[in-house]
Amino acid sequence: CLTQLCSPIAEKTGKVLGEFCRCYREQYGVALFNSVRYEIEGNGGPQAQLLHRKVPLEDHVIYSGNLFQYIEENKKWRNRFCVVPHNYGLVLYENKLAYERDLPPRILINSAGYKILTSVDQYLELVNSSLPGVTPKSGQSPILKCPTDFPLILWHPYARHYYFCVMTGKEQEKWRAVFQDCVRHCNNGISEDSKVEAPAFTDAVRMYRQSKEQYGTWDMLCGNETQVLSNLVMEELLPELRTSIGPRLKGKAQERQRTWIQISDAVYRMVYEQTKAQYDAVMAKCEQERPQMESTIRTDMDQIITSKEHLASKIRAFVLPKAEVCVRNHVQPYISSILEALMTPTSQGFAEVREVFFKEVTDMNMNIVNEGGLEKLVEYMEKLSHLAFHPVKMQSCYEKMDQLKLEGLQQRFDVSSTSVFKQRAQIHMRQQMDDAVYTFETLLHQELGKLQGKDDLCKSIQRILERVLKKYDYDSSTVRKKFFREALLQITIPFLLKKLAPTCKGELAKFQELIFEDFASFILVENTYEEVVLQSVMKDIMQAVKEAAVQRKHNLYRDSMVMHNSDPNLHLLGEGIPIDWSEEYSGQPEAEPAADKRRRAKQVVSVIQDDEGVLPYEVGAEALLQPSSPEPREPKEPDPGAPPSSPDGVEEIQEALAKESLGDADVPSGASMQHAAPASPKPRADVPSEARVPHATPASPAPGAETPSPSAGMACHQPSDKETGKEVAPLGGECSPPQPTGTTESGEGVQTEF
């Protein structure tokens, strides 16, 4: 049935993209004008006191470890070794040995748009709601059985789902924090460094949705531009597919649900490929026209500004009286309530960032006093430098935002979910933590040459910590006030536009004649109208944030408080070569034992401490090569480098768990490896060839002692963006529906997931 719908799907996708691309071309000219104007006029905000690191995680792996993955093609659970590289993709290998030997990964996942679920019941509730009228009867087997009590499920409204499980609650908590960090990072896929393309794109998405009477926040503004546009198409396409395909699905309820998930994923991939091609084409056309447009803007800047101000004055005279009444009656009474709901969890989160940073540095200082001087400092600073990217240590900061609730306000202002604001605040927290750490690093590095003895070192660390905390307090206040203003606008402006639309929107066409034809690419009536509406509420929002700062309730600086740069040379230091503590101060590394050569990539998060013996899926590389190792039940002689067999079914894994709980450290002999049909061979991106997975560390270690010191001087191949799902490999012609995707059990091809 999907083959029959291929042409209508392509036609619908083309129609949506055609309308969007028209919006994008219009917004591109406006964004280019605003960018050039800002470049000329400035209007910058307060200067940040903390330094900003340019390449935070180069040559690092966030986390790696073992877990079970459910393979839908053969309905088996298999061991997998998962690596989370510096760009937050999820890279799954057959096992740890396959990773170290530079074998192709089984699957690559970009987690943008996914939700992390830790309960099968949560998952079943979402699955049951995705296909109305199809619910398994009582007593029937659910769509998914988990062999342990600790599942980790990646759910997406359109793309395929991923099922994992681990053996302990401790592992589940750590993996959940890591997965959430991946989702948070991948959701923020539109680069803010782009001063033209990014605002043009987000404004075009907003304008398109408003043309469909869809106001308010949108949960699926997740990922890079192609992913966002695919979500935009699927939002309109999926209900039509559900109506046309849903009644034709056969089999038991669980089979129909499983088939529907596969169909949705296949359609999403078709849409993605068509979207990527069409969006790339319009981008190329805009880039081609940019030099001429920019030349016109720079030549006629004054005339364009004058023309825009004239248009704005006419629209203001028409709209402002109505907008002010609407603000006074429907928005103003609720601004303080919205602001308070935002401020409490956000300020608690930033306070927790400060506390975590203070504790880590203070503990490091105490350990240096007790254990030694510069040598220990190097070890601890290597770990402190990546504190902001440690999902587990940062989790206490991120969790504060879970308290954010807009209760009755959410429905009143058509806010579908608070997740947009939670994730944005969490990204700010991570950035402020890294800025504080980097500033501390830079100042301490500058002081090291002047210090004599351990006592001087400890006093200097304490003095620098106090300086950095003052800078952090100022910068975090600035960041939070900006976040509060933006969030209030994001909540109230769509509400006002929706309220004013019946009386104002239909009258806007008459203002088009006020724009000179030569400037029509840089001035739009719709955008100018929205700016007037924004001005109608901006004064009240600014006043509310200002009053909150005066109260000092949430440790906000007043707007009149301007912290002048007390370290004039600090920002010059930040422009220097990045500090590598291990290479600069640790000297020549000793010869590395052969058994440890595989642990080479610096890892931010240590492996889970195994307090109860060897877990069934944690098989050492040496054990795989021993003659006594259990051989896979294959008709031919196994290759020494081939992946080992693994427990497949629910019963086998449960049996393995029972053995493990009795203290049996032997690895269970799994069922024979079954191979699914290989995926079409694709060009393989550079895959990390060497990884360092630290040995398990004692529980509750001293800060900084969580991972062993990295081995210096070893080459480390980092995964490319394509490897981690930043780019998606071609899936064939748009009229050939893709096969349901999954891990490529043959290993002959690598599938890149969204």
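This is a predicted model: local features need pLDDT of at least 70, side-chain atom pairs count only at pLDDT 80 or more; totals for chains, interfaces and linings use all residues.
Biologist: How is a pair of aromatic rings described?

Modeller: Two quantities are used, namely the distance of the centres and the angle of the planes. In this structure the count comes to 21 aromatic pairs.

Biologist: Are Y70 and W77 buried or exposed?

Modeller: Y70 has a relative accessible area of 10% and is therefore buried, and W77, at 1%, is buried as well.

Biologist: Which parts of the chain does the pair of F357 and F440 link?

Modeller: That pair is edge-to-face, with 6.2 Å from centre to centre and 85° between the planes. It links distant parts of the chain, because F357 belongs to helix α8 (residues 301-371) and F440 to helix α12 (residues 419-447), the two being 83 residues apart. F357 is buried at 2% relative accessible area, and F440, at 0% relative accessibility, counts as buried too.

Biologist: Which residues form one aromatic cluster?

Modeller: The cluster is made up of F20, Y24, Y28, F201 and Y279.

Biologist: Over which ring does the charged end of R184 sit, and over which that of K510?

Modeller: The charged end of R184 lies over the ring of Y398, 4.0 Å from the ring centre, while that of K510 sits over the ring of F318, at 4.8 Å from its centre.

Note on methods: Residues are numbered from 1 along each chain as its sequence is written. Side-chain values use heavy atoms; hydrogens and water are left out. Rings of Phe, Tyr and Trp (its six-membered ring) pair if their centres lie within 6.5 Å; planes under 30 degrees apart count as stacked, over 60 as edge-to-face and the rest as tilted. Buried means under 20% relative accessible area, exposed over 50%, partly exposed in between (1.4 Å probe, protein chains only). Helices (H or I, at least four residues) and strands (E, at least two) are DSSP runs, numbered from the N terminus. A charge sits over a ring if NZ of Lys or CZ of Arg is within 6 Å of the ring centre and within 35 degrees of the ring normal.
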